[in-house]
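Here is a short briefing to read alongside the sequence and the 3D view.

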Amino acid sequence: MWKWGPFIYSAREASRFYFDKEPSRLTTKEAIFLASIIPKPKHFRSSFNPDGSLKIENNKYYF
């Protein structure tokens with residue numbers, strides 16, 4: 001599971017923690033910042049299909 005900080009495990013939590021706003025209200029720079037602090041973001045890219053859905057073999061790790 002991705003972790004943006006102490007006990008921060010979702011984009012919504014990270015958005016509220018760092019910027020005090022909902023993810024839909026983030027600027028491009030703020031969204032890039034959040035993406036940049038995820039440990040090994042390219043590692044997780046292989047967990048998804050081209051359409052953005054989670055690969056079936058990874059469901060056990062994320063849900």
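The notes below go from the overall picture to the core and then to one glutamate.

This is a predicted model. The protein has 63 residues, with four helices and zero strands.

**Overall picture**
- Reading from the N terminus, the elements follow the order α-α-α-α.
- Buried residues make up 21% of the 63 in the protein.
- The exposed surface comes to about 5100 Å², and carbon and sulfur atoms supply 60% of that area.
- Among contacts with a separation of 6 or more, 15% join residues 24 or more positions apart.

**The nonpolar core**
- In soluble globular proteins, nonpolar side chains tend to be buried together.
- Here, the largest nonpolar core is made of six residues, namely W4, I8, A14, L26, L34 and I38.

**A closer look at E30**
- You will find E30 in helix α2, which covers residues 28-36.
- Is E30 buried or exposed? E30 counts as buried because its relative accessibility is 15%, and the cut-off for buried is under 20%.
- A polar atom of the E30 side chain lies 2.8 Å from the backbone nitrogen of T27.
- Beyond its neighbours within four places in sequence, E30 is in contact with F19, K21 and R25.

Definitions and conventions
Residues numbered from 1 in each chain as written. Predicted model: local features only at pLDDT ≥ 70, side-chain atom pairs only at ≥ 80, totals over all residues. Heavy atoms only, no water. Core = buried A, V, L, I, M, F, W, Y, C linked by side-chain atoms within 4.5 Å. Buried < 20%, exposed > 50% of the residue type's maximum accessible area, 1.4 Å probe, protein only. Helix = DSSP H or I, 4+ residues; strand = E, 2+ residues; numbered from the N terminus. Polar contact = N/O pair within 3.5 Å; in protein donor to acceptor, adjacent residues only side chain to side chain. Contact = heavy atoms within 4.5 Å. Areas by Shrake-Rupley, 256 points an atom, 1.4 Å probe, with all protein chains shown as cover.
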